[in-house]
Amino acid sequence: ISPEFRDKIPPLTAQEFNQLEKNIVADGEVREPIVAWNGTIIDGHNRWAIIQKHPEIPYKVKEMEFADKWAATYWMVNNQLGRRNITDEQKTYLLGKLYEARKNTVGAPAGNTNAKQCTQSGNIESNQPNRVSEQIAKERGIAKNSVIRANNFAHGLDAADTVSPGFKDKVLTGEVKAPKSAIAEIAKMDEPQRKQAVENIKAGKKPSAAKNAKARSDNAAIRDIVANLKTDKPAFSCDGMPGFIE
């Protein structure tokens, strides 16, 4: 089990896990195979946990081949998005991870004909953020901006989890509620601000206090820069000739 793969999959609630365990025990077998890449599970983490509790129950493992970990992640996340029992927050988080994997992979996940291709100049063309978001948006029948917002939400949730482990799972299971836009902003904050924002969300308060403090600080810094620029110090104009900034 790799935490890097496991943590990209939204968790089951205790009730859902217990029901899955009852179903497997009643069936006397694990119907769906554990899917692995290079001996590491990429689908079936919950089934594997249940197998550890009931080692007498037979199961199968299906090994798949991918060009790299990002291609494996793309397949894994895309597979999860095809399931019906996911919340809106889980769907958004997975969509963000789909974008991340598609942007980073150097090979094509199964069924993906739009993987990165090297041009004659040696440049990789489809890892450009705009193109990747457009590709995913077209494939899933959604707006490009939805893909970008999902990526921002996923980044924010991951950032929040670094200062408050378990926070991500609570948001994805619905235990903690917060606007997705507020979650996305957490990735832009430094660590103390992230902690404060997460605590505000947990307490049901507005998470924007830390953001507003940062904005005030940034605005002050910008004013200082502008004040320094408004001098008669020589600068260079667009044509490369000495000039003045007015």
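Reader: By class, how many residues in the lining of the largest pocket are charged?

Author: This is a predicted model, in which local features need pLDDT of at least 70 and side-chain atom pairs count only at pLDDT 80 or more, while totals for chains, interfaces and linings use all residues. Residues are numbered from 1 along each chain as its sequence is written, and side-chain values use heavy atoms, with hydrogens and water left out. A pocket is an open set of points on a 1 Å grid over the protein atoms alone, with protein on both sides within 12 Å along at least five of seven lines, and lining residues have an atom within 4 Å of a point. Counting Ala, Val, Leu, Ile, Met, Phe, Trp, Tyr, Cys and Pro as nonpolar, Asp, Glu, Lys and Arg as charged, and the others, Gly among them, as polar, the lining has 12 nonpolar and nine polar residues, and the charged ones number 17.

Reader: Which element gives the largest share of the lining of the largest pocket?

Author: This pocket, with a volume (the space filled by probe spheres set on grid points joined across faces, edges and corners) of about 950 Å³, is lined by 38 residues, and Ile9, Pro10, Leu12, Asn46 and Arg83 lie nearest its centre. Helices here are DSSP runs of H or I with at least four residues, strands are runs of E with at least two, and both are numbered from the N terminus. The largest share, five residues, comes from α2.

Reader: Which element gives the most to the lining of the largest cavity?

Author: A cavity is a set of grid points where a 1.4 Å probe fits but cannot get out, and the search of the whole structure finds one of 30 Å³ or more. Its lining is made up of Gly96, Lys97, Glu100, Asn151, Ala154, His155 and Asp158, and the elements that give two or more residues to this lining are α5 (88–104) and α7 (144–163). With four residues, the element that gives the most is α7.

Reader: At roughly what angle do the axes of α7 and α10 cross?

Author: Axes are lines fitted to C-alpha atoms, for helices over the stretch in contact (heavy atoms within 4.5 Å), and angles run from 0 to 180 degrees between N-to-C directions. The axes of α7 and helix α10 (residues 191–202) come within 9 Å. Angles of 65 to 115 degrees count as roughly perpendicular, and the crossing of these two axes is at roughly 95°.
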